[in-house]
Amino acid sequence: MKFRAKIVDTACLNHFTRVSNMIAKLAKTCTLRISPDKLNFILSDKVANGGVSMWCELEQENFFSEFQMEGVSAENNEIYLELTSENLSRALKTAQNARALKIKLTNKHFPCLTVSIELLSVSNSSRIVTHDIPVRVIPRKLWKDLREPTVPDADVSIYLPVLKTMKSIVEKMKNISNHLIIEANLNGELNLKIETELVCVTTHFKDLGNPPSASEDASQDRNPGQMAEVRIDIRRLLQFLAGQQVNPTKAVCNIVSNKIVHFDLLHEDVSLQYFIPAFS
Amino acid sequence: MNDNDSTSSNLNCKLGMKSILPIFRCLNSLERNVEKCKIFTRSDKCKVVIEFLCRHGIRRTHNVCFQESQPLQVIFEKNMCSNTLVIQPRVLAEAIVLFTSSQEEVTLAVTPLSVCLKSSSDEPVDVTSSVYSEMFVGPDEFDFFQIGVDSEITFCFKELKGILTFSEATHAPIAIHFDFPGKPMALSIDDMLLEANFILATLADEPSRASSPQSLCLSPKQKRSEPLSSNSEAGKNVTSKAPECILRKVAPKRLYPKETLTDVSALENCGSPIMKRANGDRSEVSESSVSDTEEVPGSPYLRKFSCMFFGAVSSNRQERFNHPFDGLATASDSEEDMNDGSFSTF
């Protein structure tokens, strides 16, 4: 197994750092999947995560000037590594004004992802910073749990409002209730509702727009005013929203009534899918 | 250092940080409102009085109780170290960012060609979380670079962070003096206003380092609780030994003479939080020696002992500064060390 990659462009480096920061906010531990064309950050839906799962994908050629990998075997030309997300984001943080950044898979007593940064200091001399991030190589038999999740057939798909606004609202709602109902319809209306014994609070978003539906029949059968709703753990939603530092290029929310809510975001060229199951 | 008490000797006392910090906390409001600050002692009441003479005739007085103390003396000739590096605090600060706060120790490895700051490899490695980081800095980034012997020293990261925070206030370069592992290292800041020396213990290589860590850690603490009795004993023992190895005469720092008022205003403007000099008054900030030991109960590894010495701001009273370490008793444990002159287990 081999992996070496290099970033020399500052904009690419900053973008990669932002992605890494976002992942660090969304998942404490995640899986990094390396394949010849892509890098994926994966969180599989385990009970420990509250059933939340995440799939983040980026095309390697949009970031790396050099990229070489050799997977486990020729037929399975992939590498799955488990790492603590914060370690990577912190290492990248020191690469703010780097001249070059190299990442490679190494084995220094234990497998590591070595991030090597060449900084240009004020006195014009190079400073080399190295971080060895310990990783765990995930054996092939566990790869089936880490496959790309299938996008469910949503009852309603809707574009999300400005995430920062959503986040500040959900933050306040968290103080009142642990569960939140997210509902939307095909008229571009989205509601966030919390209900307790004493109080009900609903925030209404209007005129959001709905993406063109995949299957024509489903959208025609459905009454556009009818809301599809899911009751979810408010902290999971807040964690998802907190991870979005920048408003995405595109943000779609797909709701499967009483089952799952699926967020499909696009940050420039990085796609992020986040699934929050209904609270059972 | 009362005006009336011109013949009094040095007062070595301790003031609680929790008492002092709130008094000087709000720098902006101090700069806006305070015209003069007088600091003097009332020996009859064991109090240090800090008086702010503010605008509009307002006078704010803080009485802080002090405890007499005989701080520990560190025998360490930093100029005799084979390795000396002088670096801007900003560069060190950039290196510090690499390490997490969970890191207890860092290692500084030097050769005549390069300097490397890295995570200490002595710590037990927790595979899932600890990242090993290292940063190489070229010799040309240092204001002064003298490496006599290749060396790798390991010392407490938290102390380094603290020292850096302190040095950022002065903007003066930090000088690092060290030799081989086990021997203490010194970090000094030599500014126009003050001279500060931080002496840190470094991790020794040999396995026999676990000799007497506990006693060394605990005895200074004991000293703090009973300053007068134990120190007077130590004092007696000290004088029976050859005095020249105990007392280090540091050349007095002659700073701004009383007449140049412009310097005072420069002091005030640069916002130094440490010294405010009373204009035309002979009161001064007495030098304080703070010994700060961290107890590491049961740890066989590093005896963390750090000691900080301030050189005080100017005054006319030169005689006070001739023997800044006078009257400082040595830690009773180090008396054995003094015999052979070595300092490796301090």
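Student: In chain B, what share of the contacts with a separation of 6 or more comes from residues 24 or more positions apart?
Tutor: Start with the term: a contact means heavy atoms within 4.5 Å. In chain B, residues 24 or more positions apart account for 66% of the contacts with a separation of 6 or more.

Student: What kind of model am I reading, and how are its parts numbered?
Tutor: This is a predicted model: local features need pLDDT of at least 70, side-chain atom pairs count only at pLDDT 80 or more, and totals for chains, interfaces and linings use all residues. Residues are numbered from 1 along each chain as its sequence is written, chains are lettered from A and ligands numbered from 1 in the order in which they are written, and side-chain values use heavy atoms, with hydrogens and water left out.

Student: How many helices and strands are in chain B?
Tutor: Helices (H or I, at least four residues) and strands (E, at least two) are DSSP runs, numbered from the N terminus. Chain B has nine helices and 15 strands.

Student: What percentage of chain B is buried?
Tutor: Buried means under 20% relative accessible area, exposed means over 50%, and partly exposed lies in between (1.4 Å probe, protein chains only). Of the 346 residues in chain B, 48% are buried. For the surface, accessible areas come from the Shrake-Rupley method with a 1.4 Å probe; for residues, only the protein chains shown count as cover. Chain B exposes about 17,200 Å². Carbon and sulfur atoms supply 53% of that area.

Student: What area is buried between chain B and chain A?
Tutor: The size of an interface is often given as the accessible area lost when the parts come together. Buried area is what two parts lose on being put together, summed over both (1.4 Å probe). Between chain B and chain A about 1,600 Å² is buried, and carbon and sulfur atoms give 53% of it. On the contact count, 20 residues of chain B touch 17 residues of chain A.

Student: How many salt bridges and polar contacts lie between the two chains?
Tutor: A salt bridge is a side-chain nitrogen of Lys or Arg within 4 Å of a carboxyl oxygen of Asp or Glu. The rule finds two across the interface of chain B and chain A. One of them pairs Glu94(B) with Arg127(A), at 2.7 Å, N to O. A polar contact is a pair of N or O atoms within 3.5 Å; within protein, one must be able to donate a hydrogen and the other to accept it, and residues adjacent in sequence count only if both atoms are side-chain atoms. Six residue pairs are in polar contact between chain B and chain A, both residues at pLDDT 80 or more.

Student: Which elements give two or more residues to the side of chain B that touches chain A?
Tutor: Those are helix H3 (89–96) and strand E8 (132–137) of chain B. E8(B) gives the most, with six residues. By type, this side of chain B divides into ten nonpolar, five polar and five charged residues. Here Ala, Val, Leu, Ile, Met, Phe, Trp, Tyr, Cys and Pro count as nonpolar, Asp, Glu, Lys and Arg as charged, and the others, Gly among them, as polar.

Student: Why is H3(B) called largely enclosed by the rest of the structure?
Tutor: Six of its eight residues are buried, so H3(B) is largely enclosed. They are Pro89(B), Val91(B), Leu92(B), Ala93(B), Ala95(B) and Ile96(B). The buried residues of H3(B) pack against both chains: strand E9 (126–134) of chain A, and, in chain B, strand E5 (83–87), strand E7 (115–119), E8, helix H4 (157–170) and strand E11 (174–178).

Student: Is Val34(B) buried or exposed?
Tutor: Val34(B) is buried, with a relative accessible area of 18%. This residue is found in strand E2 (residues 34–42) of chain B. Leaving aside neighbours within four places in sequence, Val34(B) is in contact with Ser29(B), Phe52(B), Leu53(B) and Cys54(B).

Student: Where is Gln60(A)?
Tutor: Gln60(A) sits in the loop between strand E4 (53–59) and strand E5 (66–70) of chain A. Gln60(A) is buried at 11% relative accessible area.

Student: How many salt bridges are there over all chains?
Tutor: The whole structure has 17. Among them, Glu268(A) meets Arg18(A) at 3.6 Å, N to O. That pair links distant parts of the chain, 250 residues apart: Glu268(A) in the loop between strand E17 (260–267) and strand E18 (270–277), Arg18(A) in helix H1 (residues 10–26). Arg18(A) is partly exposed, at 39% relative accessibility. Another, Lys193(A) with Glu183(A), has its closest N and O atoms 3.6 Å apart. Lys193(A) and Glu183(A) are both buried. Salt bridges that share partners also join Arg127(A), Arg90(B), Glu94(B) and Glu141(B) into one network.
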